[in-house]
Amino acid sequence: MALSLYVDTARWRAHQKSVVDQFPGIVPVCKGNGYGFGHERLAEEVNRFGSDVLAVGTTYEAARIKDWFGGDLLVLTPFRRSEEPVPLPDRVIRSVSSVDGVHALVGARVVIECMSSMKRHGIKEEELGLLHSAIDDVRLEGFALHLPLDRTDGSDAVEEVIAWMDRLRAARLPLHTMFVSHLRAEEQARLQQQFPQTRFRARIGTRLWLGDHEATEYRGAVLDVTRVAKGDRFGYRQQKAASDGWLVVVAGGTSHGVGLEAPKALHGVMPRAKGVARAGLATVNRNLSPFVWDGKQRWFAEPPHMQVSILFVPSDSQEPRVGDELVAHLRHTTTQFDRLVDR
C-alpha cells in the first residue's frame, strides 16, 4: 500500500496544451523533484508536445535527464569556477551571471542572466561593457531575466524587460533571444510586438505542470486501524489519547515529504493570525496533518514516521478501514510519491 499521485491525464495534458499555445517558443522547466512528477515523466511529456529546449535546475539534473530528452538542456543555476565538474554533452547550455563566468566557459553555449529586481544574481548594467571581449569566446544563446512574482510597488514587468533591452542595445550586445520568467502571455506578446527582431522565450514550470489543481490528487492508503479509549497510551512517546476514537496508520511519512512544509509568504491579517494559531498548537504537539477523512482534515496523533503517519480520528466520525485511501493536501515540489497512477 502506497502514497499515490493520481493524475487525470487528459485534463493535465489539456492544461499543458493551453499553456504551450499561449507562449510560443516556451522553454519547459523540469527541476527539483520534477514538480512532484519526476524528471523522467516530465521529459516524456515534453517529448510528446515538442520543445527543442528543456530547462533543468542543476548540472546534476542535466546529467540524469540527458538520456530521457534529446534536445538542448538549459541549466538554470549559474556557473561558478569552483563548482564540481559534471560530464555533460555539448547540447547543454549553461546560465552565467558574471563576466568572470563567461570568461571561464570558453567554447561553451551560454545564456547570460541579467540582474533583475529580484536581486538574486545576474550581470549588472555597469558590467555590460566588459562583455564584448568575453562573448567572443563563447557561443551566446541569448540573455535572460528572472522576474519577481509579485510587484507590491506597482512597477510593470514589461517596462523592466524593456529597460534591459534598451541597456543591452545601448551596449551593442546581440539581442536575438531573450529568455524570460514570470510574464503573462499578454505581456510577452507586447514585448514581441515591440521588439520583432528578438525572440522571447518563456521559461515556465509551475504554471505548466501545476496550473490545474484539479488534474492531480495525492492519496495515502490506510495500513492499520486501532481503536483507542480516552487515556490509552500509544506511539513512540506513549502519549495519552485525548478521547475515544481510532489510530489510523496511513502511507506517507517524512521520506515522502509529509510533515515537511516550505515556508509560505502570508498576505493579510487572517492568514497571519492562522499561522500564529498553528504555531501555538504545535508547541503542545497538536499538528494538523494533510490527510482528509470523512470531510475533515485530521490531526497527527504524533509526528509523522519515516514512511507512515499516525492520525487520530475521533469516535464521532466514520471508522476508516484498511485499504481505504485518504486524500492528502501535499505540496508537489516537496513530495515524493510511491506510485503514479494515470486515470
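Which residues does UniProt give for the feature "domain: Alanine racemase N-terminal"?

A: The model shown is a predicted one. In an unreviewed entry, UniProt places the feature "domain: Alanine racemase N-terminal" at residues 12-161.

Next come two helices. Helix α6 covers residues 157-170, and helix α7 covers residues 185-194. The axes of α6 and α7 are 10 Å apart, and the two helices pack at an angle of about 30 degrees. Their crossing is right-handed. On the α6 side, the residues in contact are A157, V158, E159, V161 and I162. Facing them in α7 are E187, R190, L191 and Q194. Sorted by class, this contact of α6 with α7 has five nonpolar residues, three charged and one polar.

The last item is a cavity. Searching the whole structure for cavities of 30 Å³ or more gives one. The volume of the largest cavity is about 40 Å³. Its lining consists of E113, S116, M118, R120, H121 and H146. By class, the lining of the largest cavity has three polar residues, two charged and one nonpolar.

Definitions and conventions
Residues are numbered from 1 along each chain as its sequence is written. This is a predicted model: local features need pLDDT of at least 70, side-chain atom pairs count only at pLDDT 80 or more; totals for chains, interfaces and linings use all residues. Side-chain values use heavy atoms; hydrogens and water are left out. UniProt positions are given in the numbering used here, feature names are shortened, and annotations may be inferred rather than shown by experiment. Axes are lines fitted to C-alpha atoms, for helices over the stretch in contact, and angles run from 0 to 180 degrees between N-to-C directions. Helices (H or I, at least four residues) and strands (E, at least two) are DSSP runs, numbered from the N terminus. A crossing is left-handed if the near helix is turned anticlockwise from the far one by less than a right angle, and right-handed if clockwise. Contact means heavy atoms within 4.5 Å. Ala, Val, Leu, Ile, Met, Phe, Trp, Tyr, Cys and Pro count as nonpolar, Asp, Glu, Lys and Arg as charged, and the others, Gly among them, as polar. On a 1 Å grid over the protein atoms alone, a cavity is a set of points where a 1.4 Å probe fits but cannot get out, and a pocket is an open set with protein on both sides within 12 Å along at least five of seven lines; lining residues have an atom within 4 Å of a point. Grid points are joined across faces, edges and corners, and a volume is the space filled by probe spheres set on the points.
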